[in-house]
Amino acid sequence: MHDTPPSFELLPGAAESPVILHVPHAARAIPAVVRAGIVLDDAELERELDHITDAYTDRIAEAAAGLAGLTPWRFVNRLSRLVVDPERFPDEREEMLAVGMGAVYTRTTHRNVLRPSDTDPEPLVERYFRPYAEAMRKAVTDRLAATGRAVIIDVHSYPGAALPYELHGEGPRPPVCLGTDSFHTSPELTGLARAAFARCGETGLDSPFSGAYVPLEFHGEDARVGALMVEIRRDTYMTEPGGPAGPGLDRLAGALAALVDGLGR
């Protein structure tokens with residue numbers, strides 16, 4: 001584990017593209033100063049990273065951007081979600097606090113201790129979470145100014161079998177789960193995604209994960225901001241947990257590119 005600045009990166013797309021592919025959970029890097037606050041030994045930490053990381057989702061987004069007719073923008077987290085999880089609410093609104101997985105995790109995927117329960121999350125929130133949130137807000141603002149709209153496509157993956165931390169793991173686990181937001185996910189956006197990912201097997205809605213990321217300034221306020229979470233079941237493109245990618249990755253990249261092309265029209 002080593003210091004890896006910067007902690008996130010905005011990779012430019014076409015000036016006229018409204019689409020931002022958001023990749024928050026693909027990285028494994030943990031700065032040394034953050035590693036010092038994690039109680040797991042090195043082998044335990046590597047195993048936890050195998051379970052918690054949305055492996056290769058950055059590669060899927062990169063390949064999709066290369067295939068798309070109108071290149072989307074990409075906002076990529078370069079640090080592990082074990083540093084901070086940029087998609088959580090940073091306060092009591094976050095339901096994952098119930099299992100020690102708010103913006104700063106204190107528990108692992110198997111509900112073991114990751115950090116002491118009395119860890120103060122504020123230093124990590126200040127150093128990593130808020131700058132990320134502000135940069136994402138600015139990226140959306142820039143797309144609105146340039147194109148009159150913004151569409152955030154969250155690129156995630158999830159394990160084939162439910163892990164103990166999941167609050168809603170008892171439902172269907174389709175090859176592709178589409179997470180929706182009642183305000184920001186239109187039926188048209190959902191329909192485009194279902195059509196694009198049909199080549200990858202069954203698509204489902206909001207199970208086992210629901211919702212879609214929107215910067216708080218726009219959330220529930222600005223209908224020009226669309227959002228959809230794409231959760232890909234890991235056994236469709238890689239060996240779980242933490243193993244190599246397989247041929248399914250290219251198929252998924254092509255499907256994501258098709259969705260991007262549909263949104264660019």
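I started with burial: 55% of the 265 residues of the protein chain count as buried (under 20% relative accessible area, with a 1.4 Å probe and protein chains only). I'm working with a predicted model, where local features need pLDDT of at least 70, side-chain atom pairs count only at pLDDT 80 or more, and totals for chains, interfaces and linings use all residues. Residues are numbered from 1 along each chain as its sequence is written, and side-chain values use heavy atoms, with hydrogens and water left out.

Next I looked up the secondary structure and found six helices and seven strands; these are DSSP runs numbered from the N terminus, helices being H or I of at least four residues and strands E of at least two. From the N terminus I read the order as β-β-α-α-α-β-α-β-β-α-β-β-α.

Then I checked the overall dimensions. The C-alpha trace spans about 50 × 35 × 30 Å along its principal axes.

Now the inside. I found that the largest nonpolar core has 35 residues, with Ile153, Phe197, Leu256 and Leu259 making the most contacts inside it. A nonpolar core here is a set of buried Ala, Val, Leu, Ile, Met, Phe, Trp, Tyr and Cys residues joined through side-chain atoms within 4.5 Å. Helix 6 gives the most to this core, eight residues.

Definitions and conventions:
Buried means under 20% relative accessible area, exposed over 50%, partly exposed in between (1.4 Å probe, protein chains only).
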